[in-house]
Amino acid sequence: MNKYDVAVIGSGPGGYVAAIRCAQLGLKTVIIEKYNTLGGTCLNVGCIPSKALLDSSHHYYDATKHFATHGIDCSGLEVNFKQMIARKNEVVAQTSGGINYLMDKNNIDLLQGIGSFIDATHIKITKADGTSVNIEAAKTIIATGSKPATLPFIKIDKKRIITSTEALNLSEIPKHLIVIGGGVIGLELGSVYKRLGANVSVIEYMPTITPGMDTMLSKELQKSLKKQGVKFYTSHKVTSVVNNGDEVIVTANNKKGIPTEFKGDYTLISVGRKPYTKGLGLSAIDMNVSENGQIITNEQLQTNIANIYAIGDVVKGAMLAHKAEEEGTMVAEIIAGQKPHINYNLIPGVVYTWPEVAAVGKTEEQLKEEGVNYKSGTFAMRALGRARASMDLDGQIKVLADAETDEILGVHMIGARAADMIAEAVIAMEFRASSEDIARSSHAHPTFTEAFKEACLAVNNRAIHS
Ligand code: FAD
């Protein structure tokens, strides 16, 4: 039986990063993955394919709506959806193949099959053909991720009533896509199909979309997407979803309890994701799991079984690839005897719609709730020369800083390239910068990043361009 210092179960961004860091630290490591391709949800049916389709559909949307103004004639433009999906698949294959390369490069053994605990130090790996191997591991990192959640009365048939996984692989552009859940995944995939010509209706239970984000972002994003033609039904509670063959009928009650019927050819269920532990054999080792299925860990991400850790979507916290990666690194270093730390307050959140939305730190609502004395500065993208040059005028940046110390407490951006620009805010906050620190740093002109500097200047009422 092969013996390892560390076994990692699951090859998503949590698992593969943990495995690489373990190997870098000199630990004999094996990674166990049930699917044929590595990379987990993120690479196969999440971050990467969704961004590939968002980029393709963005090109098409720009070409149809904006190129003429730029002086580029694109008449006769058509979508070759089959090719768009094929390119997306190619991007996924290349990215996933890159993980195989990294496993090889770092001398990490790969075992394909479902990993399940025999006891705390032995794992059985059952391959697709039914054969199995057992291994011994001194330490194990569980990184088995999550699966799409649904509502108790909705039966996902994967044909008309679909999850994000199917929405990334449709054979046609929907005529009317009904999106249940106005969170990140629903809005990103809704944007893809809206840009490609579908009617898109988003039904959200809460009064605002992207619940949990700063209200300024939710409102601005809804305004921008509305302009693009997405229809929103907030404060609507879905009560039934029925597949009638070629049509799906969704019924939702508004605030007053009055039902509305929506008819579409596809319904995307994007009401969140749930931790995935099926097949792991957790009962064999008496592992503590919360009511909603999350593996319970302490601050060091150690489970109630001392030599077993859990990371990523399967534990508490934001279900984000970069959060899983940080946790993978942290656990590997803890196993190697180091004392790493993650500042969960500084894990940025991004929505890859256009305009993009990105945020880090506290929302204004949170600061109010916590009774923190803060000051705020905002700057509108449309005041930037760069925004006018590229015709990306929508959006703004809001900076929240401590009223006394001026330390930046939260940054909320909506606008072109916000997904990339948020990194500056994360770094600033990691180094506990004040808004004045940013305001006094030179930002290249003309760039979108000037909006962050200006919002920081605005915190002390001294923005230059507004
Ligand atoms: P996963 O990526 O889910 O990987 C878990 C792996 O474990 C899987 O490969 C699974 O097959 C394997 N596994 C499970 N059980 C076993 C077992 N018993 N034995 C062997 N293998 C097993 N996040 C972002 O940060 N940015 C984005 O832009 C983004 N976009 C997204 C878009 C969509 C449509 C979706 C669905 C998600 C998106 N996410 C995004 C979320 C992101 O994909 C997840 O947060 C991330 O993949 C979690 O990583 P993980 O390593 O915890 O688990």
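An oxygen atom of the ligand lies 3.3 Å from a polar backbone atom of Met319, a polar contact in the sense of a pair of N or O atoms within 3.5 Å (within protein, one atom must be able to donate a hydrogen and the other to accept it, and residues adjacent in sequence count only if both atoms are side-chain atoms). This is a predicted model, in which local features need pLDDT of at least 70 and side-chain atom pairs count only at pLDDT 80 or more, whereas totals for chains, interfaces and linings use all residues. Residues are numbered from 1 along each chain as its sequence is written, and side-chain values use heavy atoms, with hydrogens and water left out.

## Around the ligand

| Residue | Part of the residue | Distance to an oxygen atom of the ligand |
|---|---|---|
| Met319 | polar backbone atom | 3.3 Å |
| Ala321 | backbone N or O atom | 2.8 Å |
| His322 | N or O atom in the side chain | 3.3 Å |

Taken alone, the ligand exposes 1000 Å², and the protein buries 96% of that; accessible areas come from the Shrake-Rupley method with a 1.4 Å probe, and for residues only the protein chains shown count as cover. The elements that give two or more residues to the shell around the ligand are α1 (13-24), β2 (29-33), α2 (40-45), α3 (47-65), β4 (114-119) and α9 (321-335), where helices (H or I, at least four residues) and strands (E, at least two) are DSSP runs numbered from the N terminus. The element that gives the most to this shell is α2, with four residues. Of the 39 residues around the ligand, Gly14, Glu33, Thr41, Lys51 and Ala321 come nearest, a residue being near a molecule or strand if one of its heavy atoms lies within 4 Å of it. By class, the shell has 17 nonpolar, 17 polar and five charged residues; Ala, Val, Leu, Ile, Met, Phe, Trp, Tyr, Cys and Pro count as nonpolar, Asp, Glu, Lys and Arg as charged, and the others, Gly among them, as polar.

## The disulfide and other cysteines

The structure holds one disulfide, a term that stands for a pair of cysteine sulfur atoms within 2.5 Å. Cys42 and Cys47 form this link, with their sulfur atoms 2.4 Å apart, and with -130° about the S-S bond the link is left-handed. Cys42 is buried, with a relative accessible area of 10%, while Cys47 counts as partly exposed at 26% relative accessibility; buried means under 20% relative accessible area, exposed over 50%, and partly exposed in between (1.4 Å probe, protein chains only). As for other cysteines, Cys74 counts as partly exposed at 23% relative accessibility, and Cys456 counts as buried at 1%.

## Strands around β6

Strands of a sheet pair through backbone hydrogen bonds, either parallel or antiparallel, and here two strands pair if DSSP finds at least two bridges between them. Strand β1 (residues 2-9) runs parallel to strand β6 (residues 132-142) and is joined to β6 by seven bridges, with Ile135 in β6 as the bridge partner of Asn2. Strand β5 (residues 122-126) runs antiparallel to β6, with five bridges between β5 and β6, and Thr126 stands opposite Ser132 in β6. Five residues lie between β5 and β6, which form a hairpin, and Gly130 in the turn has a positive phi of about 95°. Three bridges also join β6 to the parallel strand β17 (residues 308-310), where Ala310 is the bridge partner of Ile142.

The loop between β16 (273-275) and β17 contains Thr303, which counts as buried at 6% relative accessibility. A polar atom of the Thr303 side chain lies 3.0 Å from the backbone oxygen of Ile305, and a polar atom of the Thr303 side chain lies 2.8 Å from the backbone oxygen of Ile308.

## The five-stranded sheet

An open sheet of five strands has the order β8-β15-β9-β10-β11, with parallel pairing. Because β8 (161-162) and β11 (231-233) stand at the edges, each with a single partner strand, one side of each is left without a neighbour in the sheet. Strand β10 (residues 199-203) pairs with β11 in the parallel sense over three bridges, and the bridge partner of Ile203 in β11 is Tyr233.
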